[in-house]
Amino acid sequence: MTIQHLHAGVDAAPDSAVAVPVEPGLRALVVAGIAAAHAEAVDRDARFPAEAIAAAKAHRLMSLLVPVEFGGEGADLAVVADVAYALGRACASTAMIFAMHQTKVACLVEHGRGQPWHDDLLRRLAREQLLLASSTTEGQGGGNVRSSAAAIEPDGACVTLDRAATVISYGAEADGVVTTARRAPDAAPSDQVLAVFLKEDYALERLSGWETLGMRGTSSFGFRLRARGLPAQVLPVPYQAIHAQTMTPVSHILWSSAWAGIAAGAVERAQAFTRQAARGAGGQLPPGASHYGKAASSLRTLRTLIAGALDRYAQARGDAKALSSLDVQTAVTMLKVEASELAVATVSSALRACGLAGYRQDGAFSIGRALRDILSAPIMIHNDRITANLAATGLMSTVPASLRD
């Protein structure tokens, strides 16, 4: 089947019988092409990348992690990371939306499977290609995802949640929201659960806007979330375990993959500029060529870092003790810090390689949008918060006595 045949199926309804004739990477390239065609408008108008997400649904990318028995593809996380990378090269907002959605799916697969309500949700997700949003921050807690103010409250045969969320990325466009909450009204802020509410279960009231420097298409408005559903919609596993075993490693790997894609797109432009400038100067490299070398090198380091994290997660997956160990938790947590800073450095070097051509907002070598988007990476769950928490945890561990300890 050709790429042209794939393009022809993009407008099919998400719940129609769409054949899956090729591997996810090729489908991702088609979706990335559509994302790239609309990326400038998404950024300029700060609007949800509707065309790209519709294409992702039509090509059944939303259910890559859903097990085969529920109608998904049961793909490895490495496959999903590669898709996030491909989308990041085209449109940062599309890539981040995809990464956040897949993180929620991973939590459902790892911690909800075997529960009738959640099994049915996985089937529906695969059938209808549902888009799931995340709500893990609220009130004054900001990026402290391990603390919740709003609680799950009993209401007859149902449960309710009334939550003032600092942000719910693409909340208005999502088909459902996966949210943290206190386990009960008398529970401590850290005694959390993860609950799933579908669009028919909740109402959103916008509390704040999203006029930002970059990542403008994620539409990360603040909302008041009022939800009512069945007790079965609350995952049976405490959020503390979900956070350590799935939420943190998967989100950090997929976010990093999206950021690496943004960086790769910038490096590609810097390479094209450097080649064109050298041809125009009879083979003489332009002044910024050394910065292209730095950009290419830091991108290689970034990709190696993510590959190592994928291998580490694959080895520990399913082993709660290994996933919760200090070594693994430190590695997957620091992945976010190191990858975000490397991605910013890579894009900055690409900008300097292109010089004025990269600094301009117009033209084939502009790096402006990539730079604005990637600057969100160290701020999203602030790096300083992460490193401070790790420093406190590290005080309880011993310093290795040898290289192999």
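# Notebook: strands, a cavity and a pocket

**Entry 1: β6 and β7.** I started with Ser-208 and found that its bridge partner in β7 is Gly-222. β6 (202-208) and β7 (220-229) run antiparallel and are joined by 6 bridges. For my own record, helices (H or I, at least four residues) and strands (E, at least two) are DSSP runs, numbered from the N terminus. Two strands pair if DSSP finds at least two bridges between them.

**Entry 2: what I am looking at.** This is a predicted model, where local features need pLDDT of at least 70 and side-chain atom pairs count only at pLDDT 80 or more, while totals for chains, interfaces and linings use all residues. Residues are numbered from 1 along each chain as its sequence is written, and side-chain values use heavy atoms, with hydrogens and water left out.

I looked up the confidence next; pLDDT is the predictor's own score for each residue, from 0 to 100. The protein chain averages 92, and 93% of the residues score at least 70. Residues 1-20 are the stretch I will treat with care, as pLDDT stays under 50 there. For that stretch the model has 30 contacts beyond four places in sequence, a contact being heavy atoms within 4.5 Å.

**Entry 3: β7 and its other partner.** β3 and β7 also run antiparallel, and 9 bridges join them. One pair I noted is Ile-168 with Phe-221 in β7. I then asked how many of the residues of β7 are buried. The count is 7 of 10, so β7 is largely enclosed by the rest of the structure. Buried means under 20% relative accessible area, exposed over 50%, and partly exposed in between (1.4 Å probe, protein chains only).

I also clicked on Thr-160, which lies in β3 (residues 158-169). Leaving out residues up to four places away in sequence, Thr-160 touches Ala-151, Ile-152, Glu-153, Asp-155, Ala-227 and Arg-228.

Entry 4: Are they buried or exposed? Met-215 is buried, with a relative accessible area of 4%, and Ser-219 counts as buried at 3%.

**Entry 5: the cavity.** On a 1 Å grid over the protein atoms alone, a cavity is a set of points where a 1.4 Å probe fits but cannot get out; a pocket is an open set with protein on both sides within 12 Å along at least five of seven lines, and lining residues have an atom within 4 Å of a point.

α2 (24-45), α5 (92-111) and α12 (368-374) each supply at least two. By class I have 5 nonpolar, 2 polar and 4 charged residues. Ala, Val, Leu, Ile, Met, Phe, Trp, Tyr, Cys and Pro count as nonpolar, Asp, Glu, Lys and Arg as charged, and the others, Gly among them, as polar.

Entry 6: Of its 24 lining residues, Ala-39, Arg-269, Ser-366, Arg-369 and Ala-370 lie nearest its centre. The elements giving two or more residues are α2, α4 (77-90), α7 (239-280) and α12. Its lining divides into 8 nonpolar, 6 polar and 10 charged residues.

Entry 7: In β5 (residues 192-198), 7 of 7 residues are buried. Both faces are covered, with Gln-192, Leu-194, Val-196 and Leu-198 on one side and Val-193, Ala-195 and Phe-197 on the other. β4 (residues 176-182) runs antiparallel to β5 over 7 bridges, and Arg-182 partners Gln-192. β1 pairs with β4 in the parallel sense over 4 bridges, with Leu-132 opposite Gly-176.
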